[in-house]
Amino acid sequence: FVNHARRVQGVDKPADDLKKVWLDFIAGTTESLAFNVFDFDLMEVAEALVQKRAQGVEIFLGVDDKVIDARPEVRAVVDYLRSKGVNVVGVDSPGLNHQKMAVRDWKISGKAAVLLSSGNLTQSCIGPEGDLKDVKPRPKISIPNANHTITLESDGLAAVVHHELVKTLQSDFLYRGRTYPL
């Protein structure tokens, strides 16, 4: 999925809505969801997570600790999620916590899936209206940063992505930098 119009083999393709891709991925979760992002200010995505949590879905979510501290919009999303019982970890990365990946239902054969994204869960990265969403009238040039998202249904890949995310997100580990096992 690509969030800008493009020409593919001579055919014009419209921009994909990457926020909708994330929302659809979350909606397809039945048992468990884990993901890590650098930045997260989309309350609509947070609300989708709260709905899934209310349905009994186990959720592990990582957001860069420095971004939570620096951006009030991110702090608001994280506080909201935590108040609704969603397990959110402030990732204390020694460098840049730049992962933007999710895995769902890794324990269910034939149902497991992975989402890989170049864009964070922010209005500027994946919101189809871009940064100027709330400006009235919204300028026609308000578009999101150029990003893409890939979703894959794969039990094997989901196992690998889950294995990697566990090291960062689950309280038994919370690895950072050189503490990751080689």
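## Salt bridges

A salt bridge here is a side-chain nitrogen of Lys or Arg within 4 Å of a carboxyl oxygen of Asp or Glu. By that rule, the count comes to 12 salt bridges. Keep in mind that this is a predicted model, where local features need pLDDT of at least 70 and side-chain atom pairs count only at pLDDT 80 or more, while totals for chains, interfaces and linings use all residues. Residues are numbered from 1 along each chain as its sequence is written, and side-chain values use heavy atoms, with hydrogens and water left out.

## Arginine 71 and aspartate 39

Let's start with arginine 71, whose side chain meets that of aspartate 39 in a salt bridge, 2.7 Å from N to O. The two sit in distant parts of the chain, 32 residues apart: arginine 71 is in the loop between helix H3 (65–70) and helix H4 (72–83), and aspartate 39 is in the loop between strand S3 (32–37) and helix H2 (43–54). (Helices, H or I of at least four residues, and strands, E of at least two, are DSSP runs numbered from the N terminus.)

Are these two partners buried or exposed? Aspartate 39 counts as buried, at 12% relative accessibility, while arginine 71 is partly exposed at 23%. The cut-offs are simple: buried means under 20% relative accessible area, exposed means over 50%, and partly exposed is in between (1.4 Å probe, protein chains only).

Glutamate 58 pairs up with lysine 107, with their closest N and O atoms 4.0 Å apart. Lysine 107 is exposed at 57%; glutamate 58 is partly exposed at 32%.

Aspartate 69 and arginine 75 form another salt bridge, at 3.2 Å between the closest N and O atoms. Aspartate 69 is exposed, and arginine 75 is partly exposed. Some salt bridges share partners, and these join Asp39, Asp41, Arg71 and Glu73 into one network.

## The nonpolar cores

Now for the inside. A nonpolar core is a set of buried Ala, Val, Leu, Ile, Met, Phe, Trp, Tyr and Cys residues joined through side-chain atoms within 4.5 Å. The largest one has 34 residues, and Phe35, Phe40, Leu49, Leu61, Val63 and Leu81 have the most contacts inside it. At least two residues each come from helix H1 (18–27), S3, H2, S4, H3, H4, S7 and H5, with H1 giving the largest share, 6 residues.

What does leucine 49 touch, leaving aside its neighbours within four places in sequence? Its contacts (heavy atoms within 4.5 Å) are Ile26, Leu33, Phe35, Phe40, Ile59, Leu61, Leu81 and Val86. There is also a second, separate core of 13 residues, which includes Ala34, Val91, Trp106 and Leu165.

## Helix H6

Helix H6 covers residues 155–169, and its 15 residues should span 21 Å at 1.5 Å a residue; the end C-alpha atoms are 20 Å apart, which agrees. The expected span is 1.5 Å times one less than the number of residues.

Which residues of H6 are buried? They are Ala158, Val161, His162, Leu165, Val166, Lys167, Thr168 and Leu169. Their cover includes S3, S4, strand S5 (87–91), S6 and S7.
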